[in-house]
Amino acid sequence: MKLSSGRLFGAVGLVAASTLVLSGCAGFGGGGSGGGGDQTLTFTTWGSESEETTFKDLIAQFEAEHEGTDIKLNVVPYDQMFSNIDAQLASGDAPDIFRVDYGNLGVYSSQDQLLDLSDSFSDDEIAEFTPAMWEAVSYEGVPYGVPHQTDVSALLVNTQMVKDAGIDPASLPTTQDDAWTWEEFAAVAGELRSALPADKYPFVYNWQLGGAPRWLSWLFQADGTFLDGDTATIDSPEGAKALDFTKSFFEQQWVPPTSSTKGTVYADSLFTEGTAAMAFVGSFLVPDIDSLAKFDWTAIPMPRDERGATDLGGNALVATKGTKNPELAAEFLKFMVSADAMSEFCANTNELPTRLDLEGDAVQFKIRPDVMPVFVDQAATIEPGDVKQLTSPAMAAINTALQDQLEAAFIGGQSTADTLANLSAAIEEAAK
């Protein structure tokens, strides 16, 4: 089974059990790097086939540039990744370097388990990254990792289905500047609902199977927030606006009734099988959709309200505080997020860069390069304030609350007021 990093739902690092098996080496080799002149680093990650291949190539490049250096790569299943990392950190046998999704990063950085990289990056070097992604690897202003890549959602469109519904594919938006407003998006959904048979739907949203935090994109688009320090801020006019609008997806039968936050089928599957004319999908799935979809499709920006927004996917690379080669570890991390290395990794994996000099069409993506600039453009809508909330150590508990409460609102008929009150209480409890 092929699984890319983006299936981890970025903000929370949670995956459905059925999608957890990844090819890779068995076991979790830890063990610092030795002392003295030993130039060995251990690097533990999970990864798709293309990610693993590219990691190996980049490691070989680093080793060639640093004579005597040996980077021992260990590729493991995601479902075992962090339980084993936790055990290794507790026993003092953690790998020197490991990969971590942005949602889980705050757990480690807040517990003083990672190498402080403040002395490794100058202000000019920090300025090479998008501010939101540098915020994603920072805790209380201190960088504890490097933003290796990201992936975000955009809106995929089955061009034949929308054409058959009387919508000219040439009229579809292509950039953030002409992205649909919520009202325009609703109008298109209404047109599709009128034209499609009862068993087909205008669109499907990707908040299933641990992806409930993707609902927060609508909250951000309404210019709302859900967390300020340890205070819940979701029970607000902006929160009510976002919840009322997304509840209408089910009330108007714009989405499949089984596609709520506790649905068991991914949005991209409903899109490729032709059940939905449009789908909110992450960039990492472009290769799979390209091979599975038997129809022409394109990508367009997500709708916007007061502002544009999307979900935070992707992963950081970090060094453990106990590494015996902190300078080498920091140098390897800097290499992995250099322009050339990041460009190669993203081009091979259809994941998105976090460097400003790789925006737009700078990366030559291997698959569907025609649609990837839409995702790159969409990533620019993530703001540092969004990231600060999404990387809170409380996100795992908040995700559970979102799954339960949104399901109750979308499917169970729970009122907007009760849903926001329940979410507020759950967020306050999680953030204590």
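Start by selecting D112, which is partly exposed, with a relative accessible area of 43% (buried means under 20% relative accessible area, exposed over 50%, and partly exposed in between, with a 1.4 Å probe and protein chains only). The model on your screen is a predicted one, in which local features need a pLDDT of at least 70 and side-chain atom pairs count only at pLDDT 80 or more, while totals for chains, interfaces and linings use all residues. Residues are numbered from 1 along each chain as its sequence is written, and side-chain values use heavy atoms, with hydrogens and water left out.

**Two loops**

D112 is found in the loop between helix 3 (102–109) and helix 4 (123–126) (helices, H or I of at least four residues, and strands, E of at least two, are DSSP runs numbered from the N terminus). Although D112 is not a glycine, its phi is positive, at about 60°. Next, select E140, in the loop between strand 4 (138–139) and strand 5 (142–143), where phi is again positive, near 50°, in a residue other than glycine. Is E140 buried or exposed? At 69% relative accessibility, E140 counts as exposed.

**Helix 7**

Now select residues 182–195, which form helix 7, and notice that this helix of 14 residues reaches 20 Å from its first C-alpha to its last, close to the 20 Å expected at 1.5 Å a residue (the expected span is 1.5 Å times one less than the number of residues). Colour its buried residues, which are W182, F185, A186, V188, A189, L192 and R193. If you look down the axis of helix 7, these buried residues fall within an arc of 160°, so they line one face of the helix (the arc is that of the directions from the helix axis to the C-beta atoms). An α-helix has 3.6 residues a turn, so residues three or four places apart point the same way. The face turned away from the buried side of helix 7 carries the exposed residues E183 and S194. What do the buried residues of helix 7 pack against? Among their partners are strand 7 (153–158), helix 8 (216–221) and helix 9 (237–251).

**Helix 14**

Select M372, which is found in helix 14 (residues 372–379) and counts as buried at 0% relative accessibility. Not counting residues up to four places away in sequence, M372 touches S283, V286, N350, L352, F365 and I367 (contact means heavy atoms within 4.5 Å).

**Confidence**

Finally, colour the model by pLDDT, the predictor's confidence in each residue, from 0 to 100. The protein chain averages a pLDDT of 91, and 91% of the residues score at least 70, but pLDDT stays under 50 over residues 1–36. Where pLDDT is low, the predicted coordinates should not be read in detail.
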